[in-house]
Amino acid sequence: MKEFVEGSHAIAEIIKATSPGVISAYPITPQTHIVEDLAQMVANGEIKSQFVNVESEHSAASVVLGASATGVRVYTATSSQGLFYMQEVVFNIAGMRLPVVMTCANRAVSAPINIWNDQQDSISLRDAGWVQIYAENNQEAVDFHLIAYRLAEDKRVMLPVMVCMDGFILTHGMEMVDMPEQEKVNKFLPGYNPLYKLDTANPISMGLLADPDYYMETRFAIQETMKSSIDYLSEISVEFNSVFGRDYKDLLVEEYHTKDAEKVIVAMGSVCGTIKEVVDQQRAKGKKVGLLRLISYRPFPYARVYEALKDVPKVAVLDKAVSLGAYAPIAVELKAAFYGKKKGPKVISSFVAGLGGRDITLESIDEVFRRLTVKEVNSDFIDLKPELLKEEYGE
Amino acid sequence: MENSPLFRSGHTACAGCGQAIAARLVIEAAGANTIIANSTGCLEVFTTKYPETAWGVPWIHSLFENSSAVASGIEAALIYLGKKDSTNVIAQGGDGSTGDIGIQALSGMLERGHDILYVCYDNEAYMNTGVQRSGLTPFDTNTTTSPQGAQSTGNLRPKKPVPEICAAHGIPYVATASAGFAQDLTRKVKKAISIKGPKYIQIHVPCPLGWRYETNQMLSVAKLAVETGLYPLFEYEFGVLAGARQITPKPVEEYLKTQGRFKHLLNSPEEIKKVQAVADNNIKKYNLKAEV
Amino acid sequence: MFGPLNVNPSKAKSGKTGSWRTLLRPHYLHKNCIACRMCLMICPEGCVQGKEKNAFSVDYNYCKGCGLCADICPKKDITMVPEEAKAEDK
């Protein structure tokens with residue numbers, strides 16, 4: 001049923017539909033509306049979930065870890081500093097192979113403190129062993145949570161999944177969303193049937209010390225599972241389409257006018273809506289431009305990216321995050337995807353935009369296309385205010 | 001066949017480990033219908049080195065400071081599954097993971113009212129990493145990070161009162177116990193398990209390596225700690241002192257001379273006086289002196 | 001699936017820590033035992049067995065020779081003997 005809703009409320013509604021046994025979260029802007037709505041649903045008796053009001057994000061992640069290990073479906077949500085504060089638990093959850101699902105309301109990180117959107121938080125945790133998928137709009141944000149549980153709880157996977165949605169832009173944005181009906185949710189996502197759990201009827205020990213004889217294989221196993229998840233995402237997408245009638249193709253990338261394009265922007269998340277508008281405008285003027293939208297950042301779809309861009313002469317990678325002292329995060333992956341390959345873009349330029357919530361406008365995207373020339377650039381900041389840099393502090 | 005199916009032989013604790021004794025007594029008192037969340041530390045390392053485990057009950061280790069929160073999640077899941085009434089949940093760790101790095105998660109667990117027993121095995125320093133000072137290291141103790149030297153008599157701060165901090169949450173039960181008083185320890189664990197809500201038991205567990213005494217001296221060391229008044233055994237109910245084990249106080253020197261970690265104090269009457277003041281204060285505070 | 005390293009205790013391996021003993025091992029005299037179970041209670045390894053008087057024994061596969069059982073025995077019915085005396089013990 002189509003509803004005009006706030007993104008956060010839509011997420012709370014879909015989490016309610018998945019009937020988690022335990023929800024635990026600690027408030028942080030811009031995640032708050034999601035967990036407030038869930039708390040109200042629990043208070044109203046609309047869901048039977050246990051809602052654990054913790055004293056920190058570290059404990060929120062630890063509570064869902066413990067509950068997931070006890071064999072129930074779990075949910076948490078956070079953002080920015082909160083994600084960083086739970087970082088060691090985030091790694092721990094993946095290493096223990098627990099199918100936790102988390103929403104990351106993407107936000108800039110401190111210092112300076114800033115509550116507005118970029119993607120530095122989740123991208124900084126790219127090596128944690130979580131699948132990370134990025135939504136462009138609230139319909140996707142809703143649908144991706146169902147897909148996240150399906151993938152995480154798949155007995156071939158048993159890895160946590162982070163659904164990333166841009167803070168404020170999506171979490172607080174009002175959009176039309178086709179809310180999945182409960183019967184269809186039940187059909188697509190059956191109840192969680194754990195592969196292993198803490199149970200007095202069949203006691204097991206979890207979280208053991210692994211010495212050099214055993215540790216490496218645990219990491220290798222996650223790496224292999226991540227690679228296989230590329231195919232599982234596509235499988236799940238087909239099933240999702242058959243139940244809900246929305247086709248996310250392989251759930252790895254979206255190709256928007258890339259086939260004959262001479263210039264393509266690669267980006268992730270809500271900014272892709274803006275880029276599509278610019279592509280439409282420029283196409284109307286006869287310019288051969290396009291967009292390759294990344295949906296899955298971990299696992300990174302190298303083969304799909306290669307296929308999509310191998311005949312495109314110029315590619316601009318637009319990062320909403322930085323790796324200070326190195327190339328921007330997505331740009332690194334793009335360059336790696338083509339290194340040593342026969343085909344590929346002549347130019348892969350890297351641009352950084354929208355940090356700390358600075359608006360990425362239609363003009364910003366035009367500027368990216370303008371700066372995408374034969375001269376390759378790296379970490380070129382868009383919409384920078386050079387006059388601010390002239391100010392000096394201290395002696 | 002091992003004599004305890006819940007805590008099996010073959011673990012790699014040091015010979016004479018007080019924590020191993022206490023941990024076995026705790027799980028035997030709590031019984032098979034128990035799930036344990038264990039912090040990082042000696043107990044975790046010596047009982048669960050893959051592919052071995054000493055635990056016959058469901059057991060999980062996540063991190064150093066989060067066993068209280070992991071246990072909270074287990075308890076919440078058991079409530080959701082309708083299994084809480086038939087299952088005990090224990091969170092446990094050493095003094096560092098409990099009173100230092102994990103005190104926030106512990107406080108949260110107590111404040112939220114989870115039906116969990118928290119057990120702190122207090123060997124009074126970070127033993128797993130090589131005897132570094134913790135907040136629960138006693139006054140004047142020589143550790144690797146509070147060494148005795150020309151300008152120092154060891155750890156210059158008093159022991160952190162974690163039981164009182166827990167009691168201040170108004171939880172139904174707080175107790176201290178000792179590996180040297182097995183029956184008292186067993187009774188307290190059984191009592192705690194029978195009470196609904198958050199409970200905290202802190203057990204004094206001598207460490208032959210960190211405290212520097214012969215492995216067969218565990219009992220006398222543990223008993224002297226209690227009998228001098230340096231480790232009072234008391235119980236709090238709903239934040240109010242409910243009782244303490246009565247003693248005929250012995251001078252602290254008798255305790256100090258049993259261990260290498262206090263050796264530097266033995267020729268310093270002044271420092272012994274200060275340690276005696278700690279014991280005297282406990283004796284007064286908890287009314288430990290037996291009526292003659 | 002490899003990775004979570006979960007272990008079922010009924011199938012778990014168990015280290016034979018008896019090899020740690022270097023100097024002394026407990027010797028149960030079986031003369032004055034009153035079956036108070038103190039030795040069983042104090043053993044950090046949990047490797048003392050027995051129910052009846054003068055019928056307690058220690059599993060040398062696990063005993064690390066700490067001497068706590070001999071120390072706690074109220075009847076002095078357990079003594080620590082040099083590890084070399086192994087053969088005659090058996």
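Strand β4 (residues 74-78) of chain A is largely enclosed by the rest of the structure, because five of its five residues are buried; a residue counts as buried if 20 or more other C-beta atoms, placed from the backbone, lie within 10 Å of its own. Strands here are DSSP runs (E) of at least two residues, and helices are runs (H or I) of at least four, numbered from the N terminus. The model is predicted: local features need pLDDT of at least 70, side-chain atom pairs count only at pLDDT 80 or more, and totals for chains, interfaces and linings use all residues. Residues are numbered from 1 along each chain as its sequence is written, while chains are lettered from A in the order in which they are written.

Both faces of β4(A) are covered, with Val74(A), Thr76(A) and Thr78(A) buried on one side and Tyr75(A) and Ala77(A) on the other. The strand pairs in the parallel sense with strand β2 (residues 22-25) of chain A over two bridges; pairing requires at least two bridges found by DSSP. Val74(A) is the bridge partner of Val22(A). A parallel pairing over four bridges also joins β4(A) to strand β5 (residues 101-106) of chain A, where Cys104(A) is the bridge partner of Thr78(A).

Terms used. A residue is buried if 20 or more other C-beta atoms lie within 10 Å of its own, exposed if 12 or fewer, and partly exposed in between; C-beta atoms are placed from the backbone.
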